[in-house]
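Take a look at the protein below. The report after it starts with contacts, then moves to layout, surface and core.

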Amino acid sequence: SEIPVRVAAMLAQVRLPGSEDRPVQQLSHGQQQWLAIAMSLASDPELLLLDEPTAGLSQDESEQTATIINEVNASGVTVIVIEHDMAFIRSLKARTSVLHDGRLFAQGSFDEIAANEDVRRIYLGTA
């Protein structure tokens, strides 16, 4: 009896309220991404690892994804995001780490990372 209530709450958390009975194929790509996040949260993890969660999403969907991730993090779940979309990473307003050749290369706020000359040269470009 708890399951339908929990499912409804999780779907609402990822901006999919009332979609319990919709086939996945009827959801947009962004909604499918959000459903995958909800499914990952079903086991009450302490850590959520997201690899390229905004791949193929519109600007609006990316912004909504950032909001969802920030809310999940605020609920006490540690979230690690692997992403190449720097505008999205900036929107998370979270501690940022840059890996290079399999090692931690730089760490700090997005603004600190963006100001790092080596990171700019290697990843962000100098233009």
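## Contacts along the chain

Take the contacts in the protein chain between residues at least 6 apart in sequence: 46% of them join residues at least 24 apart. Contact means heavy atoms within 4.5 Å.

This is a predicted model: local features need pLDDT of at least 70, side-chain atom pairs count only at pLDDT 80 or more, and totals for chains, interfaces and linings use all residues. Residues are numbered from 1 along each chain as its sequence is written, and side-chain values use heavy atoms, with hydrogens and water left out.

## Layout

The protein chain has 6 helices and 4 strands. Along the sequence, their pattern is α-α-β-α-β-α-β-β-α-α. Helices (H or I, at least four residues) and strands (E, at least two) are DSSP runs, numbered from the N terminus.

Helix α1 covers residues 2-13.

## Buried residues and the core

Of the 127 residues in the protein chain, 31% are buried. Buried means under 20% relative accessible area (1.4 Å probe, protein chains only).

The largest nonpolar core has 22 residues. Such a core is a set of buried Ala, Val, Leu, Ile, Met, Phe, Trp, Tyr and Cys residues joined through side-chain atoms within 4.5 Å. V14, I37, L48, V72 and V79 have the most contacts inside this core. Helix α2 gives the most to this core, with 5 residues.

Which residues does V79 touch, not counting those up to four places away in sequence? They are L48, L50, I69, V72 and N73.

Conventions. Buried < 20%, exposed > 50% of the residue type's maximum accessible area, 1.4 Å probe, protein only. Expected span 1.5 Å × (residues − 1).
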